Structures are given as structure tokens and as C-alpha cells.
Amino acid sequence: MKRFGPTVALNGAGITIKEGETHALVGRNGAGKSTLVSILTGLQRPDEGEVLFSGQAAPALADRDAWRRRVACVYQKSTIIPQLSVAENLFLNRQTDGGMIRWRGLRARAREVLETYQVDIDADVLAGDLGVEQRQLVEIARALSFGATFIILDEPTAQLDGPAIERLFERMRSLREQGVTMMFISHHLDEVYEICQSVSVFRDARHIMTSPVADLPHDELVAAMTGEASAAYEYRSRTAGDDVVIAAEGLALRGRYEDVDLRVRSGEIVGLAGSGSSGKVGLAETLVGLRRADAGVVSVNGTPIRDVPSALRAGLGFVPQDRHHEGFVPLLSIAENVTIPIAHKLGRFGYVSPAARRARGVQMIDELDIKTEGPDQPVGDLSGGNAQKVVLARALADDPRAVVVINPTAGVDVKAKQSLLGAVEDAVARGAGAVLVSDELDDLRVCDRVLVMFHGRIVKDVPRGWSDHELVAVMEGIEQ
Ligand SMILES: Nc1ncnc2c1ncn2[C@@H]1O[C@H](COP(=O)(O)OP(=O)(O)OP(=O)(O)O)[C@@H](O)[C@H]1O
């Protein structure tokens, strides 16, 4: 049992994980998964109940080292410190031998750790220079080097592209062969079927079921998560208008992409797909003014843009990649966050009555199915997926004419994905033109066409109706 003020995050919930298995934990946003992780790793104390490792009571909360020897977690948000070297990160919190830091010894030991866990990364490089995938490998090596044989991977695939996910799964398989027990959290149910032997479902703070993965039909799993039978997403058809709402010409950003021409009309959703190094995120960040191109111009509704404020003034709404830093103000309530950009519309001279804010907040909570105590709850207290919905609500609040969303459904559960994509489709039905950048093929299916990038260039404009295989082949540069 775990409560946060009036919120019950875990309600008589339990989980049993067998030695040597890879066990999935799934559930809708706010179901209590992260709360369970914080209890299983000794970061929070349950109000009631206890944690056992191999039948033995868990150590005292203060004895961090004892916890680290039993369980390790690779969190959604990296805990690597970018300003330190890989070696320093590996031995953070334990680099002293009797108070002295032995740098040379530390480097050698770091190399040894990396070698033992077959991580091909130089121990001397700055952790900040590593990519997401490499950072994750350092975290896994660090976790294992404390001696833990139970690892929790909390949405490890959320920020990885297809080939990187495959490499992670290879590693997980080999760890399992070496006897490591894992708990795997993901909103991608296909991954659960690929890598796990059992799955537990949490819903509304309770444990709903545990089952071997092999015997479990997909729709039963979704039904256990949502508490109802699932309906397939209905893709809508549209006709693009004549107005070009986002235009880019001769755009180039050194080291990221080059030679990009792009026109997005009102009434259409244009997808941007490609692997991690394709340049798609860099391009989208240029379209919203977060990055300045080395060559070329971007205009939104005919107005050339220079930076984010000028893009917003020209009528753009966007969801950034790094939403934890740029997407919302954690201490402000849901109602305040979603109404920041529309203050001028709700009230005169920017003054908005609390009632108007709350009303808009309630509307957004309803439309996007945000799990919360109410519009006054600070966004920082919401579960990851629910905070993500607030970011999208805010991007769409002003009825923008141009919309750019980068991985809008990352960390969002199966059912909530549908409401998020539906909200983008609604905005487009009201006359907006949208660019949707996504690593997920399912998201891209709402697009009227998908621009595929490869090594910094747009290589193909693929109309609706593609098959997974076809799109992936273009993304990986196998086919044009
Ligand atoms: N520090 C906190 N203060 C207040 N409420 C909290 C806090 N942490 C979590 N909660 C609430 O507890 C509930 C469970 O949240 P939790 O983060 O465990 O969900 P989750 O299953 O991990 O969701 P997601 O899939 O979105 O990451 C949510 O309603 C959340 O708002």
C-alpha cells in the first residue's frame, strides 16, 4: 500500500518474480508501476507491506549498499552525470578506498567492468558525449557491477530506435542465460511478447493478473490493462487544403541534415521517419525554431521564423523531444500549464480568471484522458505518461495553424495513445497542418504521407497505405 496525500498509488498490490525470468510489468499511465519500482529498489517505504529477496526481508532503507547488491534499476531518465567520465560514473558513490580516490586504479577497474559486461566504450570519454544507447549500457554495467542479479529496466526502449532495441534485447537474452533476473517495463506490448516469459498487469493501483506470456492472447492483455475490450484505432481520411502552413527550402544543419525542402498544407499530417541518426529530430527542431539552420529558411504561415517565440507568434504549437525540460512547468497545476499559451484568449489583457483556467483544465483532462486528482494538481506529481498528455494539451490549446510534435506518444499507454493521436487529428480537422515525428510505426499510420530520412536527407515521400516492412526498408536505407 502506498499513498501520496489523497492519491492511492498502490492498493494491496504485489508481484512475484521467479529467479532467472524476464518478467514484464505493464499497465496504463498512472497504474502504479514507477511507484512499485521505487519501493522494490528501496527508494521509498511502502505504507503497508514488505519486499522480500529470495525469501529474505529487504535491508533497512538507509543501507543503500545492501540494496544495490540485491537490485539495480535502469531508470527512464538517465542517472548518468554528463560532466563526468564514464569511469567516474561507473564508480560514483564508491570510488574511495579508505577516503582516498585512486584515479589510476579506478580507470583500470572501470575498463575491467566494461570488458566483463562486453560494453565497447572508452572509460575516459565524457559521459555527456555518449548517445542514449551507450549511456544505457553504462548504466546496465554499473548496475551489474554492484553484484545485483536482479535488474529492473524501466521503459528502456522508449528512447531507442529499432536496431538499438534489437541490440538491447540481444543483451537481455544473454544476461538471462547468465542467470540474471529482470523486470521489464514497457508500453510496447509487442516487446513484452518478444523478450519476456511472464507478465503482470497493474490497473488503478492494483495487481490484476500474472500470466505466462506464451499463453496470453494480445487482446486479453489489453483488456486486463484497460478493464474493457479494446477497439482498433479508426484512421480518418482527409483532403489537404491549399494553404502551406509550414515551408522549408534548402535547409541544412551541419552534421545533422542537408538539402531539405518541405511543404506541409493545412488539413494534412506529414510524418517524419528515420533511424536515430537520420536527422529527423534535428530537422523538426529547426522547424519550430529550437535550432537555427546553417542554410535555408523556414516559414510558418508565410512568416519566416528565427527562434521559438517567433514560431509561436506565427501560430505554431509544438511538443519537444525533451519534454521534462522544455514541455511543462512541474510546480504549476494542470490547468495553469495548459492555459499558459492561451491566456490572451481566455481573458482580457492576459488576465485569466481561475474559473476559466479550471474549466479549460477540466476539458483537457477529459479530452486527453489524464489520470489526476483534478485540474489543480501540480503536473510534477503526475505519472510520466500523464505529464506527457499535458504537454500535448498545451501544444494544441491555442488552436494552432501549424503543429510539430516529436514522439508525442513516448511513454504513453496503448489506450492513451489513441486519444493523443485523435487530438492531433482533431486539430488538423479544424484546419491545422501537422508534422509528426515518431519512432513508432503505429503513430505514423495517422499520417497522410511519411517523409523518410536517411543519413540527413529526405529519401522518400511515402503515401498512406504502406506496410511496416516497406517503410522500415526505406528507413534502413535498404530500399528507395
Ligand atoms: N510524488 C508523488 N506525489 C503525488 N502523487 C504521486 C507521486 N508519485 C506518483 N503519484 C501518483 O501515483 C499514481 C501512480 O503513479 P506511477 O508514477 O506509479 O504510475 P505509472 O504506472 O508508473 O505511470 P506511467 O506509465 O505514466 O509512468 C499516479 O496517480 C500519480 O499521479
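Trainee: Where does Glu155 lie?

Mentor: In the loop between β9 (150-154) and α6 (162-177). Helices (H or I, at least four residues) and strands (E, at least two) are DSSP runs, numbered from the N terminus. This is a predicted model: local features need pLDDT of at least 70, side-chain atom pairs count only at pLDDT 80 or more, and totals for chains, interfaces and linings use all residues. Residues are numbered from 1 along each chain as its sequence is written.

Trainee: What is phi of Glu155 near?

Mentor: Near 50°, a positive value in a residue other than glycine.

Trainee: Is Glu155 buried or exposed?

Mentor: Glu155 counts as buried because it has 21 C-beta neighbours inside 10 Å. Buried takes 20 or more other C-beta atoms within 10 Å of the residue's own, exposed 12 or fewer, and partly exposed is in between, with C-beta atoms placed from the backbone.

Trainee: And where is Asn407?

Mentor: Asn407 sits in the loop between β19 (402-406) and α16 (414-429). Its phi is near 40°, a positive value in a residue other than glycine. Asn407 counts as buried, with 23 C-beta neighbours inside 10 Å.

Trainee: Switching to the ligand: which residues come nearest?

Mentor: Phe4, Asn29, Ser34, Ser383 and Gly385, of the 18 residues around the ligand. A residue is near a molecule if its C-beta atom, placed from the backbone, lies within 6 Å of it.

Trainee: Why does the ligand lie between domain 1 and domain 2?

Mentor: Because domain 1 (2-80 + 130-226) and domain 2 (244-475) both give residues to the shell around the ligand. The domain bounds come from an automatic or database domain assignment.
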